[in-house]
Amino acid sequence: MPVLTTDAESETGIPKSLSNEPPSETMEEIEHTCPQPRLTLTAPAPFADETSCQCQAPHEKLTIAQARLGTPVDRPVRVYADGIFDLFHSGHARALMQAKTLFPNSYLLVGVCSDDLTHKFKGFTVMNEAERYEALRHCRYVDEVIRDAPWTLTPEFLEKHKIDFVAHDDIPYSSAGSDDVYKHIKEAGMFVPTQRTEGISTSDIITRIVRDYDVYARRNLQRGYTAKELNVSFINEKKYRFQNQVDKMKEKVKNVEEKSKEFVNRVEEKSHDLIQKWEEKSREFIGNFLELFGPDGAWEAHYKLSPDLIQFSSFTGEPPFKMYQKQIRELANQDP
C-alpha cells in the first residue's frame with residue numbers, strides 16, 4: 001500500500017493528525033509488518049517487550065475519521081489505553097472493550113504502571129504490579145500489555161510503540177503537577193474518549209471491604225487464615241471466634257425452628273386429610289343408614305310387607321325406623 005509520512009508536529013513534539021485530505025507526498029510501497037490483533041483466545045496477550053513492533057514501513061498518521069473508515073489488514077490502528085487496573089473489575093473490562101471497538105481494525109495496547117509510580121502518584125495498591133500485569137493479559141480485548149508504563153506519555157514513548165490514538169474517559173485527570181495528564185494528547189488530536197462505568201471502581205470495592213472489615217476478618221478466620229496473616233490482635237481474634245460460634249448456634253437454632261415448622265405443617269396437612277376422610281365416611285355411613293331405616297327406606301317397605309314385624313313393634317308402640325330417625329338427624333347435624 002502507499003505509505004505516507006509527514007513532518008508536522010505540535011508544540012509538544014507530538015506529530016499532529018493529518019486532515020481528511022491525504023498528503024501529496026507519496027513514497028514507495030513498503031509492506032507493513034505490525035503485530036496483528038489476536039484472533040484466538042487460547043493464550044494470554046503478549047508483553048510489549050516480547051512482540052515489539054519492528055515494522056520498517058513509515059508509520060503514517062491517521063485522523064479519527066480515516067481510522068473509522070477502516071485501514072488495510074496489515075495496518076491496524078494502534079490504540080493505547082493505560083491505567084493502574086488494581087482489583088481488575090467489569091468497569092476496567094468495559095473501558096477496554098470500548099477502546100478495542102473504536103475502529104474496525106484496531107490493535108489495543110494497554111499500559112500498566114509499576115508499583116513505584118503508582119505508590120508515588122496515586123497510593124498503595126492491593127495487587128502488586130506482576131498480578132496487575134497478568135490480569136490484563138487475560139482480558140479478551142487486549143492485544144498487548146506494556147509493563148512499567150509511564151505516568152505521562154512522551155513523544156518518544158508514542159513513537160516507540162507507534163501509537164495512533166490514546167483512549168481514556170474524558171474527565172480531566174489531574175496528577176503529577178498537571179491539571180490533565182492527557183491535555184497534550186488531546187491538543188495533538190490523538191485522544192479518543194471512552195465512557196466510565198458508574199457504580200463500580202477499585203475505590204468502591206476497597207470501601208466495601210473496609211466498611212465490613214469485621215465480616216471479612218471473621219470469614220477468613222473461618223477459612224483457616226491466622227490472626228497474624230490478617231493483622232488481627234489477640235483480643236479481636238478471640239472476639240471474632242466467639243462471634244463465629246454464636247452465629248453457628250443461631251444457625252442451628254434456625255434450622256431446628258425450620259424443621260419444627262415443617263413438621264407442624266406436615267401434621268396439619270395430615271390432620272386436615274384425616275378430618276376430610278372422616279367427614280366423607282360419616283356422610284357415606286349416614287346416607288347408607290337413611291337408605292335402610294329412613295321414611296322411604298328399605299326397612300319400612302319391608303315392614304309394610306311383613307306382618308310379623310307388628311308383634312315386634314308392639315313392644316315399643318312404633319315401627320323400628322321411627323326409633324332411630326331422631327338420632328340420625330342429630331348425628332347428621334353434628335360437626336366433625
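## Cysteines

Buried means under 20% relative accessible area. This structure is a predicted model. In it, C113 has a relative accessible area of 4%, so C113 is buried. C139 has a relative accessible area of 6%, so C139 is buried too.

What is a disulfide? It is a covalent bond between the sulfur atoms of two cysteines. The structure holds zero of them.

## Salt bridges and a network

How many salt bridges does the structure hold? There are 12. One of them joins the side chains of D164 and R75, with N and O 2.9 Å apart. This pair links distant parts of the chain, 89 residues apart. D164 lies in the loop between α5 (155–160) and β4 (165–169). R75 lies in the loop between α1 (64–69) and β1 (77–83). D164 and R75 are both buried.

The pair also belongs to a network of salt bridges, which links E60, R75 and D164.

K186 and D180 form another salt bridge. Their closest N and O atoms are 2.8 Å apart. Is D180 buried or exposed? Its relative accessibility is 10%, so D180 counts as buried. K186 is partly exposed, because its relative accessible area is 28%.

R211 and D212 meet through their side chains in a salt bridge, at 3.5 Å from N to O. R211 has a relative accessible area of 59%, so R211 is exposed. The value for D212 is 26%, so D212 is partly exposed.

Terms used
Residues numbered from 1 in each chain as written. Predicted model: local features only at pLDDT ≥ 70, side-chain atom pairs only at ≥ 80, totals over all residues. Heavy atoms only, no water. Disulfide = S-S within 2.5 Å. Buried < 20%, exposed > 50% of the residue type's maximum accessible area, 1.4 Å probe, protein only. Salt bridge = Lys/Arg side-chain N within 4 Å of Asp/Glu carboxyl O. Helix = DSSP H or I, 4+ residues; strand = E, 2+ residues; numbered from the N terminus.
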